[in-house]
Amino acid sequence: MKIFTTVKEIQAYAKEQKAAGKTIGLCPTMGALHEGHMTLMRAARKKCDIVIASVFVNPVQFGPNEDYDKYPRQFDADCEKLEKEGVDAVFHPEPLEMYPEGYGTYVTVESGITNVLCGARRPGHFRGVATVVTKLMNLARADEAFFGQKDAQQVAVVRRFVADLNLNVHVNMVPICREESGLARSSRNAYMSAEEKQAALVLSRSLKKAREAYDAGERSAAALKDIVSKELATEKLAKVDYVDVYTFPALQPVETVSEESLLAIAVYIGKTRLIDNIILK
């Protein structure tokens with residue numbers, strides 16, 4: 001497995017692979033890799049000749065009071081996991097390599113999809129995501145890009161700018177990877193104590209109850225949100241940030257679920273903010 005730290009290195013590698021007629025799959029990550037990330041690598045491996053993973057904690061998607069400095073970094077352990085999955089190359093740049101002195105160009109998705117859910121609570125977050133993902137797609141000359149459903153709003157944003165900017169990349173959404181307990185795998189799970197991890201099970205439990213109601217015929221968005229909210233209220237360590245239903249991927253408000261829709265939640269367990277969702281089809 002090759003490791004690249006500079007723009008010139010990854011550009012040269014991608015150019016060489018494309019010249020050989022290879023298809024390239026890109027898996028953008030911020031490191032602290034877990035089994036959820038590995039499902040992205042496996043999906044890319046099945047679909048592409050070459051798999052490139054990025055490991056880059058992107059400073060421009062963090063707000064001033066967010067956890068950029070505390071975000072877990074464990075590059076050596078990440079590389080061991082990636083090599084086991086047969087990843088061909090890892091791009092691990094320093095922030096100054098991606099945003100050198102004088103840098104001034106950002107990708108901003110001004111559609112309403114960035115003004116709801118996490119976008120409403122984290123101003124500038126999706127500008128940072130769209131900018132870094134555009135750069136990574138460009139550098140890797142990706143044919144396919146792979147993202148997890150846990151970050152469903154991010155997938156919607158990426159699909160929007162890929163379409164709007166006519167980028168020749170297909171965006172794949174890989175289903176949420178969960179622990180046996182039902183907890184959605186996340187790098188931020190490492191922040192939680194054993195008691196908090198137990199409390200965090202209320203997220204998946206609440207969504208499961210909403211799914212059961214939907215499968216039984218419930219189509220009222222308000223009723224589905226109420227089911228989730230009532231279950232979340234049973235956990236004293238849980239502080240709800242949002243419980244919302246929107247069409248997917250357009251992320252338009254919905255009263256009656258009559259088309260593919262996203263039921264998404266964000267909840268603080270102690271100081272750790274967790275997100276989870278289900279897609280109602």
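1. Basis of the note. Residues are numbered from 1 along each chain as its sequence is written, and side-chain values use heavy atoms, with hydrogens and water left out. Because the model is predicted, local features need pLDDT of at least 70 and side-chain atom pairs count only at pLDDT 80 or more, whereas totals for chains, interfaces and linings use all residues.

2. The parallel sheet. Six strands make an open sheet in the order S1-S4-S3-S2-S5-S6, with parallel pairing; strands (E, at least two residues) and helices (H or I, at least four) are DSSP runs numbered from the N terminus, and two strands pair if DSSP finds at least two bridges between them. Strand S1 (2–4) and strand S6 (170–174) stand at the edges with a single partner strand each, so one side of each has no neighbour in the sheet. Neighbouring strands here are turned by 25 degrees against each other on average, direction ignored, where the axes are lines fitted to C-alpha atoms (for helices over the stretch in contact) and angles run from 0 to 180 degrees between N-to-C directions. Within this sheet, strand S3 (residues 50–55) runs parallel to strand S4 (residues 89–91) and is joined to it by three bridges, and Ser54 has Phe91 in S4 as its bridge partner.

3. The antiparallel sheet. A second open sheet is formed by three strands in the order S7-S8-S9, with antiparallel pairing. Its edge strands, S7 (238–247) and S9 (272–280), each pair on one side only, and its neighbouring strands are turned by 15 degrees against each other on average, direction ignored. S7 pairs with strand S8 (residues 261–269) over nine bridges; in this pairing Val240 stands opposite Val267 and Tyr242 stands opposite Ala266.

4. Eight of the nine residues of S8 are buried, that is, under 20% relative accessible area, with exposed meaning over 50% and partly exposed in between (1.4 Å probe, protein chains only). S8 also pairs with S9 in the antiparallel sense over nine bridges, and Ile269 has Thr272 in S9 as its bridge partner. The hairpin of S8 and S9 has two residues between the strands, and Gly270 takes a positive phi near 65 degrees there.

5. Cysteines. The whole structure contains zero disulfides, a disulfide being a pair of cysteine sulfur atoms within 2.5 Å. Cys118 likewise is in no disulfide, since the nearest cysteine sulfur, that of Cys177, is 19 Å away. Cys79 is buried at a relative accessible area of 10%, and Cys118 is buried at 8%.

6. Ser229. This residue is found in helix H10 (residues 221–232) and, at 33% relative accessibility, Ser229 counts as partly exposed. Its C-alpha atom is separated by 40 Å from that of Ala142, which is 87 residues apart from Ser229 along the chain.
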